[in-house]
Amino acid sequence: MEDAPRGLRESLKRVAVTLKEAGIPFALGGSYACWARGGPEPVHDVDFMLREDDVPRAVEVLANAGLRPVDSPEDWLTKVFDGEVLVDLIHHPVGRAVTQQTLERSSEMSVDSVRMPVLDATDWFEMTLLALEERYCDLARVIPMIRAMREQVDWDQVRRATATSPFAEAALLVATRLNLIPAAGRAVSAEGAPSTEGAPSAGGTPTGSRPHGPLVPAGGAVPAGGAVPAGGAVPAGGAVPAGGAVPAGAAEQAGTAKRIADTAGYGALNLTEADEYLAGDLHERLAEDPRVAELGLEVVVDGQQILVEGEVATDARRRAVADVLAEALPGRLVSNEVTIADRGMPTEAPPNVETIS
């Protein structure tokens, strides 16, 4: 088995050089395209992507170079052997034709010392995820490939191209929940527009620190009977008393926060769910919201109280935990026991119970 990769690579280079010398357009595909981009090395065969019209000539020049063509029952590829090594010449992967545009999107790379075009990473994942089906849905193989190539891929494009496949959807959901790839719509757009994390809202307040309803900072509260300043800003240290007046501008702030949440792609939680299900929904929201983006937080819902524990990297993310929970379940008491990983203790000395209005 140790000799298999070396033999595969020698055949890969022999085919690539032969096609280059014949002037036949191609791109390295399959698992070796992933390997060339940093993924695990395959041990079975070598795949090349060609336009269908170029396949007969490719077979001819490869046969002249000593490779052995074989009849294939499949109508989407042609097979040739270099000794014992199988080489697939693929022209219709997962039912879609390899086009000139497909080949033009490939990248010129050095593969084991030979320069050759390698299939575009986004195209590669579209084809790979669309190939998943009931008889073959090996996420243990796909996830390491996602981890290796994630920064080279337009994941929103992959989601659009694979939207009809529940198996692709499952793979992308797992990768998102593992924080390997951004959630849908969170990546920088093709036009270069940044994500909304920390961006000012229409009112000038960064979305990353905007709570639902009155502007109550984490740990902040108004003393009993205390007045709430105009605009709804609440000084640190107090809580809006029971039956207290709604701060000026609260309705506008609540509407703004709802729009922010809607823009981020989050719908309203089902408040009729059992506490353990609400806790699961909040855990997922904390993992997917870019202000927090932490999978390791533990959330417990007990009636009107929410307890959240775990570690985050920065004080800003710790505060963002309260913001995200405020937008999701306004009016609940939050016990924020989240600590900062590099300090090992909560960053705020006041009591951890917060009132979210």
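**The chain and its parts**

Tutor: The secondary structure of the chain comprises 11 helices and 11 strands. Helices (H or I, at least four residues) and strands (E, at least two) are DSSP runs, numbered from the N terminus. This is a predicted model, in which local features need pLDDT of at least 70 and side-chain atom pairs count only at pLDDT 80 or more, while totals for chains, interfaces and linings use all residues. Residues are numbered from 1 along each chain as its sequence is written, and side-chain values use heavy atoms, with hydrogens and water left out.

Student: What percentage of the residues in the chain is buried?

Tutor: Buried means under 20% relative accessible area, exposed over 50%, and partly exposed in between (1.4 Å probe, protein chains only). The chain has 357 residues, and the buried share of them is 43%.

Student: Among contacts between residues at least 6 apart in sequence, what percentage joins residues at least 24 apart?

Tutor: A contact means heavy atoms within 4.5 Å. For contacts in the chain between residues at least 6 apart in sequence, the share that joins residues at least 24 apart is 59%.

**Aromatic pairs**

Student: How many aromatic pairs are there?

Tutor: Rings of Phe, Tyr and Trp (its six-membered ring) pair if their centres lie within 6.5 Å; planes under 30 degrees apart count as stacked, over 60 as edge-to-face and the rest as tilted. By this rule, the number of aromatic pairs is four.

Student: Which kind of pair do F26 and F48 form, and how many residues apart in sequence are the parts that the pair ties together?

Tutor: The centres of F26 and F48 are 5.6 Å apart, with 65° between the planes, and the pair is edge-to-face. F26 lies in the loop between helix 1 (3-22) and strand 1 (27-29), whereas F48 lies in strand 2 (residues 46-49), so the pair ties together parts that are 22 residues apart in sequence.

Student: Are F26 and F48 buried or exposed?

Tutor: The relative accessible area of F26 is 5%. For F48 the value is 0%. F26 is buried, and F48 is likewise buried.

Student: Why is the pair of Y32 and W35 classed as it is?

Tutor: Y32 and W35 both lie in helix 2 (residues 30-36), three residues apart, which is about one turn of the helix. The ring centres of Y32 and W35 are 5.3 Å apart and their planes stand at 85°, so the pair is edge-to-face.

**Helices that pack together**

Student: How are helix 6 and helix 8 oriented to each other?

Tutor: Axes are lines fitted to C-alpha atoms, for helices over the stretch in contact, and angles run from 0 to 180 degrees between N-to-C directions. Helix 6 (residues 139-149) and helix 8 (residues 166-177) pack at about 55°, with their axes 11 Å apart. Angles under 35 degrees count as roughly parallel, over 145 as roughly antiparallel, 65 to 115 as roughly perpendicular and the rest as oblique. Helix 6 is therefore oblique to helix 8.

Student: Which residues of helix 6 and helix 8 make the contact?

Tutor: Helix 6 contributes L139, I143 and I146. From helix 8 come A171, V174 and A175.

Student: How are helix 5 and helix 6 oriented to each other?

Tutor: Helix 5 (residues 121-130) packs with helix 6 at an angle of about 170°, and their axes are 12 Å apart. The contact is made by A121, W124, F125 and L129 of helix 5 with V142, M145, I146 and M149 of helix 6. The two helices, helix 5 and helix 6, are therefore roughly antiparallel.

Student: Which residues does V142 touch, not counting residues up to four places away in sequence?

Tutor: V142 is found in helix 6 and is buried, at 1% relative accessibility. Its C-alpha atom is 8.3 Å from that of L129, although V142 and L129 are 13 residues apart in sequence. With residues up to four places away in sequence left out, V142 touches L129 and L132.

**Loops**

Student: What is the phi of V94?

Tutor: V94 is found in the loop between strand 5 (85-90) and helix 4 (100-104), and it is partly exposed, with a relative accessible area of 37%. Most residues other than glycine have a negative phi. V94 is not a glycine, yet its phi is positive, at about 45°.

Student: Where does D112 lie, and what is its phi?

Tutor: D112 is found in the loop between strand 6 (107-111) and strand 7 (114-118). D112 is partly exposed, with a relative accessible area of 23%. Although D112 is not a glycine, its phi is positive, at about 50°.
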